[in-house]
Amino acid sequence: MWHTNLRARRGVGHVEPGHEGATATLDQMRTALITGITGQDGRFLADLLHEKGYRVVGLMKGQNNPRAELIQREHPFVELVHGDLCDLTSLVTALSAIQPDEVYNLGAISFVAMSFNQAELTANVTGLGVLRMLEAIRIVGGNQNNPIRFYQASSSEMFGKVREALQNEKTPFHPRSPYGCAKVFGHDITVNYRESYDMFACSGILFNHESERRGMEFVTRKITNAVARIKLGVQHELVLGDLEPRRDWGYAGDYVKAMWLMLQQDQPDDFVVATGETYQVKEFVRLAFEAVGIDDWQRYVRQDARFMRPSEVDLLIGDASKAERELGWKREVSFPDLVRKMVDNDMEIERRAIAVAN
Ligand code: NAP
């Protein structure tokens with residue numbers, strides 16, 4: 001059972017508020033393994049854990065991953081270990097070598113649109129990958145009171161065709177994409193291993209969260225990048241799919257704090273993390289154009305059926321009251337500020353690109 005005092009269990013001594021990272025000695029230092037280290041959340045979480053004094057290890061797939069250089073340049077404190085969520089042996093080897101206290105499983109094929117075209121790959125990485133990591137933890141950590149704490153990156157896409165106006169931890173799932181289906185499996189197997197093997201395994205059901213580090217394939221970054229380029233005169237239109245769907249959008253920097261908090265509790269549990277506000281895609285577009293002083297945004301936006309999904313999730317809005325109550329989590333960045341941050345960042349990147357080209 002997990003009724004242990006965290007500081008006693010971890011051997012962490014008294015730390016002045018705000019200096020959590022500075023006072024940890026080597027034998028007190030906790031180790032975290034992050035899968036998906038090259039992704040948006042992996043990088044925010046790495047920064048957060050480093051600030052808290054963790055040794056941070058990132059699982060990197062591929063023999064010559066093009067994003068390894070980015071991690072080494074911008075997060076030099078991260079140690080990289082090779083491994084793939086499709087390869088159980090590599091996960092066992094990585095865990096044996098690192099002996100982590102905490103594993104954050106953020107690795108996934110996470111782009112919903114791609115999951116329709118590569119459904120089998122998505123099921124393998126995003127779904128079965130969770131099972132493989134749980135098995136690796138069982139093998140390396142033993143079955144009884146397994147000391148490795150596990151976080152699974154679940155998703156609001158599991159709610160899909162929503163059964164309740166406001167979705168919470170008890171809302172039934174109805175996924176609308178191969179990605180959503182794979183995430184449901186990942187969530188269920190996390191709960192199952194917690195109940196079957198007494199593992200400290202948590203599932204964070206996170207609603208959409210964006211940032212300056214969002215991949216260009218995602219609609220929010222596609223919008224802010226195009227807006228910057230249109231403003232600077234190097235692009236003339238923004239082509240999108242459906243503008244009507246509503247999403248509950250937060251800032252990734254806020255959301256990784258909830259991941260960490262989940263693994264610091266006395267008991268493992270599942271939590272919805274969301275803002276409780278919902279906006280249509282077109283509202284994101286409008287705010288992004290307004291951030292660069294363009295009010296007649298409709299002039300620049302064209303819709304194309306190629307970007308429509310075979311089945312869409314119309315409305316997502318999360319109830320994070322359990323996370324707020326039990327974890328003390330609170331989002332800090334508002335929706336308009338999120339859009340502005342992303343646009344400002346893309347303006348900066350595009351200005352630099354133009355300067356280099358000239
Ligand atoms: P992301 O930017 O797309 O990152 C995905 C990561 O998974 C990348 O680092 C990628 O590595 C890695 N990966 C892919 N295939 C892998 C494999 N076979 N083995 C090991 N790693 C693999 O995603 P994100 O936005 O940071 O999201 C993190 C997690 O939260 C994901 O599981 C996502 O599904 C989930 N989530 C995200 C949101 C959101 O709004 N951002 C909401 C709910 C849940 P490479 O760079 O090497 O391909």
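**View 1. Who sits around the ligand.** Helix H2 supplies the largest share of the shell around the ligand, with 3 residues. Keep in mind that this is a predicted model. In total, 28 residues surround the ligand, and the closest are Gly-36, Gly-39, Gly-107, Ala-108 and Ala-153. The elements giving two or more residues to this shell are helix H2 (40-51) and strand S5 (149-155). Sorted by class, the shell comes out at 14 polar, 10 nonpolar and 4 charged residues.

**View 2. H8 meets H12.** Here helix H8 (residues 219-231) packs with helix H12 (residues 335-357), the axes 8 Å apart and the angle about 50 degrees. H8 and H12 are therefore oblique to each other, and their crossing is right-handed. On the H8 side, the contact uses Thr-220, Arg-221, Thr-224, Asn-225, Val-227, Ala-228, Arg-229 and Lys-231; H12 answers with Met-342, Val-343, Asp-346, Met-347 and Glu-350.

**View 3. H8 meets H10.** Now for helix H10 (residues 281-291), whose axis comes within 9 Å of that of H8 and crosses at roughly 30 degrees. That angle makes H8 roughly parallel to H10. The crossing of H8 with H10 is right-handed. H8 brings Val-219, Thr-220, Ile-223, Thr-224 and Val-227 to the contact, while H10 brings Val-281, Phe-284, Val-285, Ala-288 and Phe-289. The contact of H8 with H10 counts 8 nonpolar and 2 polar residues, with no charged ones.

Methods
Residues are numbered from 1 along each chain as its sequence is written. This is a predicted model: local features need pLDDT of at least 70, side-chain atom pairs count only at pLDDT 80 or more; totals for chains, interfaces and linings use all residues. A residue is near a molecule or strand if its C-beta atom, placed from the backbone, lies within 6 Å of it. Helices (H or I, at least four residues) and strands (E, at least two) are DSSP runs, numbered from the N terminus. Ala, Val, Leu, Ile, Met, Phe, Trp, Tyr, Cys and Pro count as nonpolar, Asp, Glu, Lys and Arg as charged, and the others, Gly among them, as polar. Axes are lines fitted to C-alpha atoms, for helices over the stretch in contact, and angles run from 0 to 180 degrees between N-to-C directions. Angles under 35 degrees count as roughly parallel, over 145 as roughly antiparallel, 65 to 115 as roughly perpendicular and the rest as oblique. A crossing is left-handed if the near helix is turned anticlockwise from the far one by less than a right angle, and right-handed if clockwise. Two residues are in contact if their C-beta atoms, placed from the backbone, lie within 7 Å.
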